[in-house]
Amino acid sequence: MLLALGAVIVGLIILVWSADRFVDGAVSTASHLGMPPLLIGMVIIGFGTSAPEMVVSALAASQGSPGLALGNAYGSNITNIALILGLTAILSPIAVHSQVLRKELPILALVTALSVWVVWNLDISRFDAIGLLVVFAVIMGWSIWQGMRGKGDMLGGEVDKELQEHPMPLPKSLMWLTIGLVLLVASSRLLVWGAVDIATALGVSDVIIGLTIVAIGTSLPELASSIAAVRKGEHDLALGNVIGSNLFNTLAVVGIAGVIQPMVVDPDVLSRDVVVMSALTLSLFVFGYGIRGRQGRINRIEGSLLVLAYAGYTTYLIYTMFA
């Protein structure tokens, strides 16, 4: 048990560090290859910040722990909205300016509704998983098309500014890209082993471990990047991190894990976790999109409510674990 706990802690530390290096290397490499800043922000950073969830869930599914994969994906979505955006909004209210992000908020709500439909029969087949990946590809294609058509979007400007302030030579970019990816996979294997061992020792479902310890750990890159973005006044980048990450988690992470290993869904996941995820996504849609034409924003009161909701949800999970 202590060895497994140590593996989880060490795995999470290396996972967060390697994900950060992977994102830095990938962003800089994409810039050297001529990718527009807006697409770097939407595609590369979105993929990079979701890389921990993606690798952990894929490895969990391949090692016969699909519950851990599903718990990690949905738990990360809940953590991203309730904890990360909540804490970020308390630090500095989040205003929404980017038209690209405003268009993606309704898409996130529709994708969440799709996830409810997929797990409604308590089973995610390979056909369901492939469908999620197809929807993900369509959304990514639409986002790229929209991004290429848009002129002067603030998100693109923020990424361009960041690239100019922190330039990185191509050889160094490729080095960090490679090191980050290798350590990302290695630390994920260590984390999955420790998490499954803890679940076995405690006699609880691996879904619970995925929803709590693993979800919080794999969401740390989003927390760090969102807080850093808001402190710089780059609100769209903070909100974009969460929107992009949740789209990746719901479609790509669950889709990849489901293709590797079809999942039997625990009834509690549908009645508890999917309901909480849907409610939080709806609140994000209302806060971020704005009402009656006013500029959308997540103020400190709304941020505090999100954090309280996360605390209540996590407390219930812990109670369930030891009850």
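Leu2, Leu3, Leu5, Ile9, Val10, Ile13, Ile14, Leu190 and Trp193 form a nonpolar surface patch with about 860 Å² of accessible area together. Such a patch is built from residues with over 30% relative accessible area and no salt bridge; nonpolar side chains (Val, Leu, Ile, Met, Phe, Trp, Tyr) are joined within 5 Å, and like charges within 9 Å. Accessible areas come from the Shrake-Rupley method with a 1.4 Å probe, and for residues only the protein chains shown count as cover. The model is predicted: local features need pLDDT of at least 70, side-chain atom pairs count only at pLDDT 80 or more, and totals for chains, interfaces and linings use all residues. Residues are numbered from 1 along each chain as its sequence is written, and side-chain values use heavy atoms, with hydrogens and water left out.

Helix H1 (2-32) and helix H7 (170-202) each supply at least two residues of the nonpolar patch. Helices (H or I, at least four residues) and strands (E, at least two) are DSSP runs, numbered from the N terminus. H1 gives the largest share of the patch, 7 residues. Leu190 belongs to helix H7. Leu190 is partly exposed, with a relative accessible area of 31%. Here buried means under 20% relative accessible area, exposed over 50%, and partly exposed in between (1.4 Å probe, protein chains only).

Pro171 also lies in helix H7. Pro171 counts as exposed, at 60% relative accessibility. Along the chain, Pro171 and Thr29 are 142 residues apart, yet their C-alpha atoms are separated by 8.9 Å.

Rolling a probe the size of a water molecule over the atoms shows where empty space is left. The search of the whole structure finds 2 cavities of 30 Å³ or more. On a 1 Å grid over the protein atoms alone, a cavity is a set of points where a 1.4 Å probe fits but cannot get out; lining residues have an atom within 4 Å of a point. Grid points are joined across faces, edges and corners, and a volume is the space filled by probe spheres set on the points.

The second largest cavity has a volume of about 40 Å³. Its lining consists of Thr79, Leu83, Ile84, Ile216, Ser219, Leu220 and Leu223. Helix H3 (66-91) and helix H9 (220-231) are the elements that give two or more residues to this lining. The largest share, 3 residues, comes from H3. By class, the lining has 5 nonpolar, 2 polar and no charged residues. Ala, Val, Leu, Ile, Met, Phe, Trp, Tyr, Cys and Pro count as nonpolar, Asp, Glu, Lys and Arg as charged, and the others, Gly among them, as polar.

Side chains of opposite charge can pair when their charged atoms come close. The structure holds 1 salt bridge, defined as a side-chain nitrogen of Lys or Arg within 4 Å of a carboxyl oxygen of Asp or Glu. Arg272 and Asp273 form it through their side chains, at 2.7 Å from N to O. Arg272 is buried, with a relative accessible area of 12%. Asp273 is buried too, at 0%.

Ile107 is placed in helix H4 (residues 99-119). Ile107 is buried, with a relative accessible area of 17%. Its C-alpha atom is separated by 8.7 Å from that of Leu247, 140 residues apart along the chain.

Leu122 lies in the loop between H4 and strand E2 (123-124). Most residues other than glycine have a negative phi. Phi of Leu122 is positive, near 60 degrees. Leu122 is partly exposed, with a relative accessible area of 29%.

Conventions: 1 Å grid on protein atoms, 1.4 Å probe; cavity = no way out; pocket = protein on both sides within 12 Å on 5 of 7 lines; lining within 4 Å.
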